[in-house]
Amino acid sequence: MTVPTTDADVAQEVTSARRTRYAVCGLSNRGLSLFVGPLLGLAKAGSDAGGDAGGGADMSRHGELVAIVDIDPGRVARFNELSGAGVPSYLPDDFDRMVEETSPEVVLVTSPDYTHADYVTAALARDLDVITEKPMAASCAQVKAILEAERRSRGSVRVAHNLRYTPRTRQLKRMMLDGLVGRVTSVDLTWSVDTFHGSSYFHRWNRRRAWSGGLSIHKACHHFDMVTWLLDDTPEQVFAYGALNFYGPASPHNPANRDGAPDADRSDGAEHSSRAQRQQCPYHLRWLADGEVPDDDHLKPRGGLHGLPYDVQYPPGERNWIYDPEIDIEDTYSAVVRYRRGASLSYSVTFSGAWEGYRLAINGTHGRIEACSVDFRDGRGETAESAEILYYPMFGPRQRHDVVTGRGSHGGADPLIRRDLLLGPSQESRDLRIMADSRQGAVAVAMGEAVWRSVADNRPYSIDELLGDVRSP
């Protein structure tokens, strides 16, 4: 089976009489790689988030970028200088003026999570369509504001849940639609975010719940959305346990907490950390080994694609340490989710894992499907993710199903989701009902909020309790 996997492949399927006008809110690395570079037709849009080191896609004959909205004018100015793009830029408070002056048709939201709702609702108030990165918002309160704004608007919201688009996930969906497992009875999903990737969240704005909703929303919404989409079912109730086990001042890996450390060498925050302490931090040593942090610093670089600065978001001289006391989110979760048609999900995730990836099993009345993506990158050599799915019929021998490989970042997902979002869904995407709308985005956020609230309150939470009934318009 031949599936188009690059932007060059999929762009040939669509011709457009005119170009769509886009404004992007948030000049993030993700915004640069997924939308900005391709829309500007840059020869190299940098690397797509997720590790594609190839050149950027050229989508400029289908759309044009007419405005950038960002809190950091220096970052935008540097981007325009390096790229020669000269895209008009605006501060967030100038959103209405941006719309008046540049007349976008679609607003792309790729800013920090807690700002999504403001941009989305402002665009909907102008009857504009919106494409927003996941999570759709950082809380159920923000989600409900978006849904209400969409009900009043002629615009619509699509959410970039790209995990649906990986070759493995799409093949799993086809197997589910073919009835291989029958009626689903249970799902087991274990996710591990390794010590390099996991610790990076605790350097950045993600470490505050007010900004990210916590990792049960910012990251796990990906996982919840994948399972909900595969099951084509509605989650009803969530119960969870969780904790901050690896980061924050009490971390067992914090050099200030090592046995026998003198009081003068102990630290409650970044401003007191010493180079000697950093050299005893296993996460810091991991970053050194990967060349991701200078030997005399404990910060990951605040640049990224094109080496652009983040001077407003991360002021020069501000030192974020993964053991800072301001960290107020969890790094470990175990949860059980009940779905409407009787299936249950058993989910666990750690953000300081020995490996990167997941193990998934779907059990049903007619069999079991297993899928695995495990990447050992912690000094043990890289291992390619499994290129097969195992199927165990209820009454028959085990079967191996090869996975159609894809090219591009996030396991081949990004070129396909970019194509669907900017050019319209492919036939496969329509068949698999793959594009996520606002209600599916809302449910993923609600599941994540139910997790952290259940951890805090030691009780189950229903999705309707947090969100209301979003099953119908």
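Okay, some housekeeping. Residues are numbered from 1 along each chain as its sequence is written, and side-chain values use heavy atoms, with hydrogens and water left out. Since the model is predicted, local features need pLDDT of at least 70 and side-chain atom pairs count only at pLDDT 80 or more, while totals for chains, interfaces and linings use all residues.

Let's start with the sheet. Nine strands make an open, mixed sheet, in the order β14-β13-β12-β11-β7-β10-β9-β8-β16. Strands here are DSSP E runs of at least two residues, helices are H or I runs of at least four, and both are numbered from the N terminus. Two strands pair if DSSP finds at least two bridges between them. β14 (399-402) and β16 (461-462) sit at the edges with a single partner strand each, so one side of each has no neighbour in the sheet.

Now look at β7 (184-194) and β11 (356-364): they pair antiparallel over eight bridges. S186, for instance, has N363 in β11 as its bridge partner.

Next, the helix pair. The axes of α5 (116-125) and α6 (140-152), lines fitted to C-alpha atoms over the stretch in contact, come within 9 Å and cross at roughly 10°. That makes α5 and α6 roughly parallel, because angles under 35 degrees count as such.

Last stop, L360. Contact means heavy atoms within 4.5 Å. Leaving aside neighbours within four places in sequence, L360 is in contact with residues including L172, V187, M226 and I369.

Conventions: Axes fitted to C-alpha atoms, helices over the stretch in contact; angles between N-to-C directions. Parallel < 35°, antiparallel > 145°, perpendicular 65-115°, else oblique.
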